[in-house]
Amino acid sequence: MTAIVWQCYKFTVRNRLRVSDSKAAEIPASSRKTGLSMKSIRAIFALLFIFVSTVLAASLPATLHAQSTSQTLTIDANAPAHPFPHFWEQFFGSGRANLALREGYRQDMRAVHDAVGMRYVRFHAIFHDENGVYDEDEKGQPIFNFSYVDQIYDGILAQGVRPFVEISFMPKKLAAREAIHPFWYKQNVAPPKDYAKWDLLIHKFAQHLIDRYGIEEVASWYFEVWNEPNIDFWAGEPKQSTYFELYDHTARALKAVNPRLRVGGPATAAAHWVPEFIAHVSAEHVPIDFVSTHGYADDTVEDMFGTHEEIPMPERICRAVGKVHGEIAASAEPNLPLFWTEWNVPSYGDSNARDNWYVGPALAHDIDLCDGLVSQMSYWTFDDVFEENGVYHEPFTGGFGLITADQIKKPSFYDFSLLHTLGDERIQNPAKNLLVTRRKDGTLVVAAWNLVDMDKLAQGKSQSLTLIFAGVPKNARASIQRVDESHGNPLPLYRSLGSPVSPTQVQIVELNKASALRAPEERTLSNGQFTLTLPINGLAVLEIQSK
């Protein structure tokens with residue numbers, strides 16, 4: 001019965017959004033972030049779904065929820081290993097530059113830096129008029145003002161995080177025309193009216209950064225030209241050739257200031273344009289230090305791959321990463337690093353999966369599949385201080401981030417925190433639900449998960465997992481930490497408080513205290529074995545002392 005309600009909901013949403021794909025949860029890149037309102041649809045179907053689910057749950061036998069599967073896996077501590085850089089945790093996205101002026105935003109950034117290892121942040125719109133960067137006098141001569149730029153970057157650097165500079169969008173007085181994007185903050189996405197003035201803006205901007213922070217610091221940053229020019233974030237026509245012109249001017253202007261500045265693109269949506277872009281910069285001898293593109297699990301297969309294959313949403317990101325990795329390898333610049341500068345786990349529509357403990361196993365799954373194919377992946381976003389569709393009015397509405405706009409840490413914050421503890425060597429293991437790693441001191445760190453798609457929860461089962469260790473003492477000391485429905489999850493307490501739209505400071509403290517990860521459970525191996533139970537969408541991280 002719930003499946004019928006869900007199918008009706010998908011039919012309604014599909015027609016509301018005019019999405020041609022058969023899965024309503026799969027939204028093309030051009031529509032994914034445009035903020036189309038479905039408030040009334042959601043309200044009706046949410047009530048209907050809750051009612052039907054409640055009736056159905058009451059009629060199910062208790063044994064259904066107790067079902068589980070068993071799995072026995074062997075872990076050889078002496079198996080071959082390879083370097084395992086933490087490519088998933090060092091870069092994070094954020095909405096737009098001006099948000100960095102807020103104290104709560106900076107506090108969230110510090111929390112993610114300290115617990116997760118965040119080192120860079122990428123956001124839109126450093127040249128938005130709200131930052132006052134560009135003006136012209138009565139004679140049309142440029143006037144530059146980097147006061148807010150300084151405050152933005154000073155605040156980020158004070159949290160131990162560096163800018164991954166997305167060069168966007170177009171100042172009003174430099175724009176060829178008014179091309180206002182539908183986001184709430186109304187950025188202008190037009191090309192420049194005068195490339196000589198654009199080049200001067202880039203030159204003044206880069207030189208100012210070097211003068212303020214020093215070349216050693218700024219040479220450790222990255223400069224990415226624009227955001228998703230293949231869709232509605234770029235109004236040049238035709239899109240590709242006009243974007244290439246923008247890139248050429250920007251990259252050359254940056255390198256003219258100092259050749260140590262690192263620049264790349266094309267920052268496209270849904271993994272588009274990479275072969276054409278590399279062919280262009282190679283043929284025209286335009287500077288490039290990295291390739292960047294985006295892809296979300298919600299992007300349609302047709303959009304991201306140009307096919308009609310059946311690729312499950314949890315498989316799409318790393319399939320796309322592998323595709324682009326291969327395109328770079330086959331290009332005239334095969335050694336360019338790949339930065340995947342926007343991604344996230346599947347949203348599953350109004351299930352609000354990104355507020356859920358589902359993020360942990362979905363994240364671990366992506367780490368497993370993307371390992372070795374990408375230099376860095378920038379998770380979109382580190383918190384929910386995010387205003388593309390307007391100001392958030394309540395927590396837990398399916399936002400991208402690890403922390404709500406009210407500074408409540410979500411399960412995803414604890415998922416990233418646990419996976420941060422993985423070692424820097426990955427030990428070979430054929431299991432599809434294990435990451436086996438080793439730290440420099442020899443400690444084994446193993447992530448195990450039980451991933452169940454959010455649209456298949458009714459068929460999901462808990463999993464009893466027995467791990468047999470070879471190459472460590474039979475009675476080695478072990479510890480375990482978890483994130484699941486009962487661990488690292490503020491949602492039960494939030495609901496018991498009545499799901500407040502505006503939680504008080506006292507409630508926020510209570511929520512974070514209740515969901516904070518508990519001290520690790522200390523155990524020892526039993527004749528070289530460790531048994532644990534993983535609930536649906538549970539994530540567990542074990543540490544095994546090798547000596």
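Where does Phe169 lie? Select Phe169 and you will find the residue in the loop between strand 7 (162-167) and helix 7. Helices here are DSSP runs of H or I with at least four residues, strands are runs of E with at least two, and both are numbered from the N terminus.

Before moving on, two notes on what you are viewing. This is a predicted model, in which local features need pLDDT of at least 70 and side-chain atom pairs count only at pLDDT 80 or more, while totals for chains, interfaces and linings use all residues. Residues are numbered from 1 along each chain as its sequence is written, and side-chain values use heavy atoms, with hydrogens and water left out.

**Stop 1: another cis bond and its surroundings**

Select Gly265 and Pro266. The peptide bond from Gly265 to Pro266 is cis, with omega near 5 degrees, and Pro266 sits in strand 9 (residues 263-268). Next, select Tyr243. Leaving aside neighbours within four places in sequence, Tyr243 is in contact (heavy atoms within 4.5 Å) with Val225, Trp226, Pro229, Trp234, Gly265, Pro266, Trp273 and Phe277.

**Stop 2**

Buried means under 20% relative accessible area, exposed means over 50%, and partly exposed lies in between (1.4 Å probe, protein chains only).

**Stop 3: the disulfide**

How many disulfides does a search of the whole structure find? The search finds one. Select Cys318 and Cys370, which are joined with their sulfurs 2.0 Å apart; a disulfide is a pair of cysteine sulfur atoms within 2.5 Å. This pair links distant parts of the chain, with Cys318 in helix 12 (residues 313-329) and Cys370 in helix 13 (residues 359-370), 52 residues apart. The torsion about the S-S bond of Cys318 and Cys370 is about -105 degrees, so the disulfide is left-handed. Both Cys318 and Cys370 are buried.

**Stop 4**

Show the cartoon and look for an open sheet of seven strands, in the order 2-13-14-15-20-17-18, with antiparallel pairing. Two strands pair if DSSP finds at least two bridges between them. Strand 2 (81-83) and strand 18 (521-524) stand at the edges with a single partner strand each, so one side of each is left without a neighbour in the sheet. From one strand to the next, the twist averages 25 degrees. Angles run from 0 to 180 degrees between N-to-C directions, and axes are lines fitted to C-alpha atoms, for helices over the stretch in contact.

Select Pro83, whose bridge partner in strand 13 is Glu425. Then bring back helix 13, which packs on the sheet and touches strand 13, strand 14 (434-438), strand 15 (444-449) and strand 20 (539-544). Helix 14 (residues 411-420) also packs on the sheet, touching strand 15, strand 17 (477-483) and strand 20. Nine of the ten residues of helix 14 are buried, including Phe413, Tyr414 and Phe416.

**Stop 4: the sheet of three strands**

Which order do the strands of the three-stranded open sheet have? The order is 1-16-19, with mixed pairing. Nine bridges join strand 1 to strand 16 (residues 462-470), and these two run parallel. Select Asp76 to see the residue that stands opposite Ala470 in strand 16.

**Last stop: two positive phi angles**

Select Ala125, in the loop between strand 4 (120-124) and strand 5 (134-136). Phi of Ala125 is near 70 degrees, a positive value in a residue other than glycine. Ala125 counts as buried, at 0% relative accessibility. Finish at Gln407, where phi is also near 70 degrees. Gln407 is partly exposed, with a relative accessible area of 27%.
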